[in-house]
Amino acid sequence: MKSADNPMQRAMHASPRCGARTRGGRPCKSPAMPNGRCRMHGGTSPGAPRGQKNGMYHHGRYTAEAIKACREINAWIRAMREAAQDIP
């Protein structure tokens, strides 16, 4: 049985395709989303969340205070390693 004869796959084969060019220069064969592109080439939600939805970067590991604390800890670790090497 060919895949085109399978009733479960007819809708998949008939759906519009993305058509964006791949690295090899061939058109993308993934099914297109309503905006005409597949999920990899700009589907329904391209990019990072905006505003407070991207909260980890506003008040999490990547705040100025967190980066400063991480650098201080790394400096202490470096100093301890250097001190350990000086011990005979």
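The questions below go from the whole chain to single residues.

Analyst: This is a predicted model, in which local features need pLDDT of at least 70 and side-chain atom pairs count only at pLDDT 80 or more, while totals for chains, interfaces and linings use all residues. Residues are numbered from 1 along each chain as its sequence is written, and side-chain values use heavy atoms, with hydrogens and water left out.

User: Which element of the protein has the highest mean pLDDT, and which the lowest?

Analyst: pLDDT is the predictor's confidence in each residue, from 0 to 100. The protein averages 75, and 66% of the residues score at least 70. Among the elements, the lowest mean, 59, belongs to helix α2 (residues 55-59), and the highest, 92, to helix α3 (residues 64-86).

User: What share of the 88 residues in the protein is buried?

Analyst: Buried means under 20% relative accessible area, exposed over 50%, and partly exposed in between (1.4 Å probe, protein chains only). C18 falls in the buried class because its relative accessible area is 9%, and C28 does so at 8%. Across the 88 residues, the buried share is 12%.

User: How many disulfides does the structure hold?

Analyst: A disulfide is a pair of cysteine sulfur atoms within 2.5 Å. By that criterion, the number in the structure is 0.

User: Is K29 buried or exposed?

Analyst: K29 sits in the loop between α1 and α2. Because the relative accessibility of K29 is 70%, the class is exposed.

User: Which residues does P27 touch, not counting residues up to four places away in sequence?

Analyst: P27 lies in the loop between α1 (10-14) and α2, and P27 is partly exposed because its relative accessible area is 42%. Its C-alpha atom is 8.9 Å from that of R17, 10 residues apart along the chain. With contact meaning heavy atoms within 4.5 Å, the residues touched by P27 are G19, A20, R21 and T22.

Note on methods. Helices (H or I, at least four residues) and strands (E, at least two) are DSSP runs, numbered from the N terminus.
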